[in-house]
Amino acid sequence: MKIRYFIVFILVIILGLSVYLLVDFKKENNSLLKKYNEINDIVRQNEIDKEVYASKVHELDELKESKKDKVLKYEEVEKWNQEIKQYLD
Amino acid sequence: MESRNKTIFRLVVCVLSVLIIIVLFFVFLLFIDNNKLKKNIDDLSSHVGDGYDITSIDNEISVYQNIDKSISDKYQEYYSNIALLEDKINSGESSVKIAYLTFDDGPYDLTYQVLDLLKANDIRATFFVLGKDGVEDRYKRIVNEGHTLANHTYYHNIGGGLYDSADSFISQVKKLEDYLYDITGYRTSIVRFPGGSPTAGKYKDEIVSRLHDMGYNYVDWTSETGDGSSKKLAEKDTWSWYVDTTRDKNIVVLLMHDYNYSTFNNLQRIIDDMRSRGFIFLPLHNKSVMAK
């Protein structure tokens, strides 16, 4: 009789541990899913940004080319500015 | 009784075993799924990178879309930094010295050579010009090469009515300002009184007050090559004027004239000497401590 109780007891313990494992894995699964979705959103956004960035770089290049002389002037004044700043630091 | 207990025991064992198998099956499924997710996350993470700085490139585009304003803002920043440096020099925090090379009464033919020499030395200076016809390219070159185009009145007629009244002086400043703006697109904001500010005599205070209302400051000088007194001054004399009047000064406004060959022939020597004494060369602006 005692051995039967013991077997039932062991089976209940195994069942308890299995449920514990299930809950733990489910928690981990939820957390991994959340992380996966976040990273996936970032990657998708990056893909969109990559195209936007490329078109903006193109726009910037065209803008610089169309105002070449003024861009050179701007960069020249910026260079003088940096020269002065080295005496201020 | 024993047989009934056995049956119940078997039933309980059977139910518990089935439950354990079902639970372990789901545990196994989750284990597989979690490992798959971890691998996918690792794969995706390697594609994340640093991202694209759209805001930064938008700002850069905005700078170049409004390039005229951006250049003007950059100049203002440059002048503010020069003013800060002047403060540091005057408070003894900086051992740097500033030389403002100024050329009055031009532009002349010699102005081209002066500009060439300044360009070769990578120096920005200040030209207090008059109103002259047929020399538009000289005004433009002064502005384009980063020098300060400054107002020295349209006619410079010291003995011919310039100082007869404040109105007379102001009208000449305005006339030259508009004339230069039409040619270069640049509005002057500093002025030098022909002969220096004391020459305005009793009208000086009124003129200065009205100049301030117009957004102007005036600049005299701390040092000179003496070339305004005589066009035939020998090179050794302009050199000694320079040496005598720049001694022991940390901020120098050096008065010269871009028609005078004696000064021009000394100019490279003056630049070299000032550099060896720790001077840097800058263009004047109306935020300068030297602009009153």
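The exercises below work through the predicted model of two chains, each with a solution in steps.

Because this is a predicted model, local features need pLDDT of at least 70 and side-chain atom pairs count only at pLDDT 80 or more, while totals for chains, interfaces and linings use all residues. Residues are numbered from 1 along each chain as its sequence is written, and chains are lettered from A and ligands numbered from 1 in the order in which they are written.

**Exercise 1. Describe the secondary structure and the spread of chain A.**

Step 1: Helices (H or I, at least four residues) and strands (E, at least two) are DSSP runs, numbered from the N terminus, and chain A comes to 2 helices and 0 strands.

Step 2: The radius of gyration, taken over C-alpha atoms, is compared with the globule rule of 2.2 Å times the number of residues to the power 0.38. For the 89 residues of chain A the rule gives 12 Å, whereas the radius of gyration is 33 Å, well over that value, so chain A is more spread out than a compact globule.

Step 3: Along its principal axes, the C-alpha trace of chain A spans about 100 × 35 × 10 Å.

**Exercise 2. State what share of the residues is buried in chain A and in chain B.**

Step 1: A residue is buried if 20 or more other C-beta atoms, placed from the backbone, lie within 10 Å of its own, exposed if 12 or fewer, and partly exposed in between.

Step 2: In chain A, buried residues make up 2% of the 89 residues, and in chain B they make up 33% of the 292 residues.

**Exercise 3. Describe how H1(A) and H1(B) pack.**

Step 1: Two packed helices are described by the angle between their axes and the distance between the axes. The axes are lines fitted to C-alpha atoms, for helices over the stretch in contact, and angles run from 0 to 180 degrees between N-to-C directions.

Step 2: By class, their contact has 32 nonpolar, 9 polar and 6 charged residues, where Ala, Val, Leu, Ile, Met, Phe, Trp, Tyr, Cys and Pro count as nonpolar, Asp, Glu, Lys and Arg as charged, and the others, Gly among them, as polar.

**Exercise 4. Find which part of chain A supplies the largest share of the side that touches chain B.**

Step 1: Two residues are in contact if their C-beta atoms, placed from the backbone, lie within 7 Å, and the contact takes 48 residues from chain A and 46 residues from chain B.

Step 2: On the side of chain A, H1 and helix H2 (68–88) each supply at least two residues, and the largest share, 34 residues, comes from H1(A).

Step 3: By class, this side of chain A has 28 nonpolar, 5 polar and 15 charged residues.

**Exercise 5. Which residues does Lys56(A) contact, leaving aside its neighbours within four places in sequence?**

Step 1: Lys56(A) lies in helix H1 of chain A, and it is partly exposed, with 18 other C-beta atoms within 10 Å.

Step 2: Apart from those neighbours, Lys56(A) is in contact with Ile54(B), Ile57(B) and Ile61(B).
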